[in-house]
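Please keep the sequence and the structure in view while reading.

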Amino acid sequence: QGQLVESGGGLVQPGGSLKLSCRRPGMILSTFWQVTWTWYRQAPGSERELVARISSGSTTEYADFVKGRFTASRDNNKKTAYLQMNSLKPEDTAVYYCNAAWGTNDYWGQGTQVSVSS
């Protein structure tokens, strides 16, 4: 793991929003264009599960449990991937990880805690 920098986690009330970001320091634009960014999460006692993915061509896919609430995006100018999370629920509480993959390269973020509680 490591080599990606994540930010944006925190504590939020149910119904609130958070926006996670993920980037690899020093990545050049021509590489960024090739990257598929995937977001996973892992709650205590549970396996890591896929949350959302955005391909190099900006095609997105989502787990059923976040459809309509979460949006994956990418900013070429900032060379950063994002996960906008709206209408958060207590069951969304987990450590969220980003993954960057292209060719034979595969990098992970350190994880960021998202806690949804009143």
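A residue is called buried when its relative accessible area is under 20%, exposed when it is over 50%, and partly exposed in between, with a 1.4 Å probe and protein chains only. The model is predicted: local features need pLDDT of at least 70 and side-chain atom pairs count only at pLDDT 80 or more, while totals for chains, interfaces and linings use all residues. Residues are numbered from 1 along each chain as its sequence is written, and side-chain values use heavy atoms, leaving out hydrogens and water.

In sequence order the pattern is β-β-β-α-β-β-β-β-β-β-β-β. The radius of gyration is 14 Å, close to the 13 Å that the globule rule gives for 118 residues, so the chain is as compact as a globular protein of that length. This radius is taken over C-alpha atoms, and the rule is 2.2 Å times the number of residues to the power 0.38. Along its principal axes, the C-alpha trace spans about 45 × 25 × 20 Å. Of the 118 residues, 42% are buried.

The interior comes next. A nonpolar core is a set of buried Ala, Val, Leu, Ile, Met, Phe, Trp, Tyr and Cys residues joined through side-chain atoms within 4.5 Å. The largest such core has 29 residues, and W37, V51, F70, L83, M85 and Y96 have the most contacts inside it. At least two core residues come from each of β3 (18–23), β4 (36–42), β5 (49–54), β7 (70–75), β8 (80–85), β9 (94–102) and β11 (112–116). The most, five residues, come from β9. In soluble globular proteins, nonpolar side chains tend to be buried together. With contact meaning heavy atoms within 4.5 Å, L83 touches L18, K19, L20, W39, V51, A52, F70, T71, A72 and Y96, residues up to four places away in sequence not being counted.

A search of the whole structure finds one disulfide, defined as a pair of cysteine sulfur atoms within 2.5 Å. It joins C22 to C98, with an S to S distance of 1.9 Å. Because C22 lies in strand β3 and C98 in strand β9, the pair ties together parts that are 76 residues apart in sequence. The torsion about the S-S bond of C22 and C98 is about 60°, so the disulfide is right-handed. C22 is buried, at 0% relative accessible area, and C98 is buried as well, at 1%.

Strand pairing, which requires at least two DSSP bridges between two strands, can be followed from β4 onward. Five bridges join β4 to β5 in an antiparallel arrangement, and W37 stands opposite I54 in β5. These two strands form a hairpin with six residues between them, where G45 in the turn has a positive phi of about 80°. Strand β5 also runs antiparallel to β6 (residues 60–62), through three bridges; here I54 stands opposite T60 in β6.

Two serines in loops complete the picture. S58, in the loop between β5 and β6, has a positive phi near 70° although it is a residue other than glycine, and it is partly exposed at 43% relative accessible area. S87 lies in the loop between β8 and β9. Its phi is positive, about 50°, although S87 is not a glycine, and at 41% relative accessibility S87 is partly exposed.

How values were computed
Helix = DSSP H or I, 4+ residues; strand = E, 2+ residues; numbered from the N terminus.
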